[in-house]
Amino acid sequence: MTSKKRERLDVIRDILQTIRQNREIKPTRLLYASNLSPQMFKEYINELISKKFISLDIDKEDKKTFSLTKKGQDFLQEYKVIENFIENFGL
Amino acid sequence: MNLYSFVIENKEILEAVYSLIIGLICAVIVSKTDKFFRLSLHQGIRYFRNSFLFFGLAFLARYIFGLSLGLSLTYAFVVQIAFEYFLVMAGFFLLYSLIWKKFESPKDKYFSSLFNTKVAIFHFMALLIAAGDSLWNDYNFMFISQIIIFSYASVLSCINYRNDAGKHQFPKFYFLAMLSGLCAWILNFLAEAYFEWNKWILINIGIINIIFFLLFLYGIIRVIKTK
């Protein structure tokens with residue numbers, strides 16, 4: 001169970017890092033980069049949007065891109081601290 | 001005048017200051033862990049935060065109790081029940097933060113971690129314990145329940161410490177904190193059952209309790225500094 005939870009946080013970090021590196025990224029490219037199944041990818045993306053870590057931007061030509069929000073940037077900065085906290089406190 | 005005599009002579013005011021200090025330590029821990037939880041939505045952090053929220057409420061209630069001893073017996077009685085209820089809830093949440101993965105799947109989503117179907121049993125048991133003690137006019141239910149909770153938590157934190165194998169700094173302090181908590185509850189029980197609330201024992205319990213909270217505060221500050 002521990003590794004499941006750890007993996008989840010790691011996946012979130014990886015997705016956010018990929019978006020940050022690209023500033024804006026298309027859904028298909030992010031799906032490839034995340035190395036997740038389409039179903040899992042959709043779940044994570046929905047979760048990240050609902051947490052307001054990322055935003056989905058649609059331009060006039062109906063092209064979709066993801067970008068990192070301020071909250072997502074904060075999460076990436078705090079990730080190491082949170083990871084340390086969970087491991088140190090056995091949570 | 002030695003330190004122990006000074007403490008005994010100024011018992012009421014020192015008890016209020018002591019409760020306020022622990023309440024403040026808890027407020028710092030809750031505010032820091034709440035930030036971690038809001039960013040990660042990690043349930044373990046959520047239950048850990050709840051534990052110190054209840055510890056803080058318990059000592060705040062005790063602080064009020066300490067200041068209002070002379071006001072009304074009924075008021076003091078209600079605050080004392082609140083103190084006991086909050087303290088028992090804190091113990092339940094602290095233990096649950098270590099074992100929640102056995103009972104919840106990552107897909108379980110609760111709107112509130114303070115009131116949901118799983119946590120309802122904590123509220124029920126805490127109320128039962130507080131009511132039982134008030135009926136029997138002692139603290140046996142609380143002491144025994146907390147000794148069981150802290151014994152189990154001590155075993156779990158010992159396992160975590162051994163499994164960590166020195167990779168992190170805090171698991172040994174976490175284990176020490178749990179042992180000090182267990183020690184304080186055993187001493188409380190002994191002081192009530194066999195030593196007629198001996199003041200020397202109570203002073204030492206107070207010191208152990210402060211060590212317990214300071215260890216957790218130290219752990220949080222240390223983790224934040226890793227940034």
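Start by selecting Cys26(B). This cysteine is buried, at 1% relative accessible area (buried is under 20%, exposed over 50%, partly exposed in between, with a 1.4 Å probe and protein chains only). You are looking at a predicted model, where local features need pLDDT of at least 70, side-chain atom pairs count only at pLDDT 80 or more, and totals for chains, interfaces and linings use all residues. Residues are numbered from 1 along each chain as its sequence is written, chains are lettered from A and ligands numbered from 1 in the order written, and side-chain values use heavy atoms, without hydrogens and water.

Next, select Cys183(B). Its sulfur is the closest cysteine sulfur to that of Cys26(B), yet 19 Å away, too far for a bond. Cys183(B) is partly exposed, at 35%. From its sulfur, the closest cysteine sulfur is in Cys158(B), 16 Å off, again too far for a bond.

Now show both chains. Here 32 residues of chain B are in contact with 23 of chain A (heavy atoms within 4.5 Å).

Zoom in on Lys35(B) and Glu78(A). Their side chains form a salt bridge, 3.2 Å from N to O (a Lys or Arg side-chain nitrogen within 4 Å of an Asp or Glu carboxyl oxygen). The count between chain B and chain A is one.

Helix 2 of chain B gives the largest share, six residues.

Conventions: A disulfide is a pair of cysteine sulfur atoms within 2.5 Å. Helices (H or I, at least four residues) and strands (E, at least two) are DSSP runs, numbered from the N terminus.
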